[in-house]
Amino acid sequence: MRLSRYFMPTLRDAPADAQIVSHQLMLRAGMVRQEAAGIYAWLPLGLKVLKKIEQIVREEMDRAGAIEVLLPTLQLADLWRESGRYDDYGDEMLRIKDRHDRDLVYGPTAEEVITEIFRAYIKSYKDLPKNLYNIQWKFRDERRPRFGVMRGREFLMKDAYSFDIDEAAARKSYNRMFLAYLNIYARLGLKAIPVKADPGPIGGDLSHEFIILAETGESEVFAHGDLVEMGAPGPDIDWDGDLEPLVTQRASLYAASDEMHDAARFEAEVPEGKRMTARGIEVGHIFYFGEKYSKPMKALVTGPDGKDAPIHGGSYGVGVSRLVAGIIEASHDDAGIIWPDAVAPFGVAVVNLRPGAAEVDAVAEQAYKALEGLGKEPLLDDRDDRPGAKFASLDLVGIPWQLIVGPKGVAEGTVELKRRATGERQILPLDAALKVIAG
RNA sequence: CGGAGUGUGGCUCAGUCUGGUAGAGCACCGCGUUCGGGACGCGGGGGUCGCAGGUUCGAAUCCUGCCACUCCGACCA
């Protein structure tokens with residue numbers, strides 16, 4: 001992409017409405033535009049990052065055996081009446097009427113819809129387990145939206161739903177999601193810890209929140225340090241095998257957010273040198289809720305004994321749009337965003353310091369084409385602007401590499417390569433720079 | 001939903017107390033000089049001052065009502 005033809009409206013000043021750093025940086029980098037409280041338009045740069053995160057989530061869900069569907073944003077109110085949640089959910093649910101005066105809701109989640117689909121097709125225990133997931137916009141009419149896309153009213157969520165014959169089987173589904181979530185966050189360049197959660201209004205007795213560590217995070221977490229060091233299990237585990245040991249290894253270590261924290265237990269269970277207190281952002285939540293929806297909505301399967309029984313369900317959410325902000329909270333400096341390579345909107349910025357100077361243009365073009373060939377998604381900064389302005393805006397939007405092509409270097413046969421994350425620079429021939437970027 | 005606050009060109013803000021017909025910086029357009037970390041000069045365009053009423057000779061400014069947005073609190077991917 002040539003920056004002179006792109007749409008990347010960066011701002012020097014952060015709009016006064018933005019309070020937290022990720023919100024300020026997203027606005028300054030031209031990633032989103034607020035249209036109403038908690039409702040955002042995604043501009044090209046923001047959309048690129050959102051899509052990359054979405055794709056990583058998708059790949060890890062697929063790997064863990066979940067199957068993607070796409071559910072509607074508008075749902076019939078009658079389904080919610082069946083589960084009893086039409087009245088329970090309250091004002092957070094956006095209710096709409098169509099031209100036939102029929103009640104609809106803009107889905108805040110999709111347990112009802114997916115349960116309706118499941119019960120229409122799946123009749124036998126032989127078809128279990130099933131895990132269906134959906135990456136779709138949700139709407140929750142928050143009393144107080146805030147912090148940009150961190151708590152929007154409209155947000156992109158990955159929600160998965162598992163269906164199993166009994167609790168023991170459901171636990172296996174739960175374990176798969178537990179480990180898949182750790183892999184997702186690791187791929188996004190984040191340190192995440194699973195924390196036992198209050199299952200809340202959704203019910204059930206097995207629930208974890210996933211909190212990514214960021215100094216500016218809104219909640220405080222207390223955890224055993226090994227939990228962070230242990231990290232994710234990686235993609236190559238036997239997803240059909242017994243995952244219980246991998247889960248237990250992690251879930252048995254102390255981890256709690258401030259509201260569930262028990263200082264006495266923390267001190268008793270965690271040796272002094274391992275006690276970690278940090279701030280974080282909740283970016284995922286998994287639940288086992290048993291028959292909560294299958295019973296009232298009659299999602300029954302016939303068991304080996306010939307009798308019908310409600311399935312045991314779980315649901316698993318990742319806040320995809322929230323992760324965009326979460327990653328920024330976890331990875332930025334005074335100059336702007338520092339994208340992890342996996343989600344960066346562009347892989348490299350080729351900075352032409354003197355557009356119009358034929359020799360410089362030629363080298364910049366050559367670098368750009370080579371990087372395209374390498375699949376590095378280069379952005380060619382061919383703007384007619386001063387060097388400082390270019391560096392400032394490219395630092396702001398956080399592209400991982402800057403390959404700087406200027407008249408001095410071109411005369412000497414070199415370019416400058418700068419790593420955004422560390423600020424490290426080296427001057428070297430173009431071929432060598434390309435090798436470094438290629439990894 | 002309780003409490004607090006803010007609405008003035010795309011962004012940051014001044015002007016409001018004390019009414020007199022709207023301003024600065026950034027951004028944008030033109031010309032010139034510049035060009036390795038957000039340049040400078042000259043010229044220019046863009047705002048029914050959130051909306052609706054009211055007071056007044058006259059309202060961004062005072063009064064009333066409404067709307068929007070932000071922050072703190074209780075709840076949440």
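Mentor: Welcome! One convention first: helices are DSSP runs of H or I with at least four residues, strands are runs of E with at least two, and both are numbered from the N terminus. Keep in mind that this is a predicted model.

Trainee: Thanks. In which loop does E377 lie?

Mentor: E377 belongs to the loop between α11 and β20. Its phi is positive, about 45 degrees, although E377 is not a glycine.

Trainee: Is E377 buried, partly exposed or exposed?

Mentor: Exposed means over 50% relative accessible area, buried under 20%, and partly exposed in between. With 35%, E377 is partly exposed. Compare D101, in the loop between β5 and β6: its phi is near 65 degrees, again positive in a residue other than glycine, and D101 is exposed at 52%.

Trainee: Back to β20. Which way do its side chains point?

Mentor: In β20 (residues 378-381), P378 and L380 point one way and L379 and D381 the other way, and all are buried. L380 is also the bridge partner of V350. Strands β19 (residues 348-352) and β20 pair in the parallel sense over 4 bridges. Between them the chain passes through helix α11 (residues 358-373), and this β-α-β crossover is right-handed.

Trainee: What is the order of the strands in the sheet?

Mentor: The sheet is open, has 5 strands with mixed pairing, and runs β20-β19-β21-β22-β23. Because β20 and β23 (425-428) each have a single partner strand, one side of each is left without a neighbour in the sheet. On average, neighbouring strands are turned by 20 degrees against each other, direction ignored.

Trainee: In which sense do β22 and β23 pair?

Mentor: β22 (residues 415-419) and β23 pair in the antiparallel sense over 4 bridges, and K418 stands opposite R425 in β23. Helices pack on this sheet too. α11 touches β19, β20, β21 (401-405) and β22, and its direction makes about 170 degrees with that of β19. Helix α14 (residues 430-438) touches β19, β21, β22 and β23, with about 170 degrees between its direction and that of β21.

Note on methods: Residues numbered from 1 in each chain as written. Chains lettered and ligands numbered in written order. Predicted model: local features only at pLDDT ≥ 70, side-chain atom pairs only at ≥ 80, totals over all residues. Heavy atoms only, no water. Buried < 20%, exposed > 50% of the residue type's maximum accessible area, 1.4 Å probe, protein only. Pairing = 2+ DSSP bridges. Right-handed = clockwise from strand over helix to strand, strands pointing away. Axes fitted to C-alpha atoms, helices over the stretch in contact; angles between N-to-C directions. Contact = heavy atoms within 4.5 Å.
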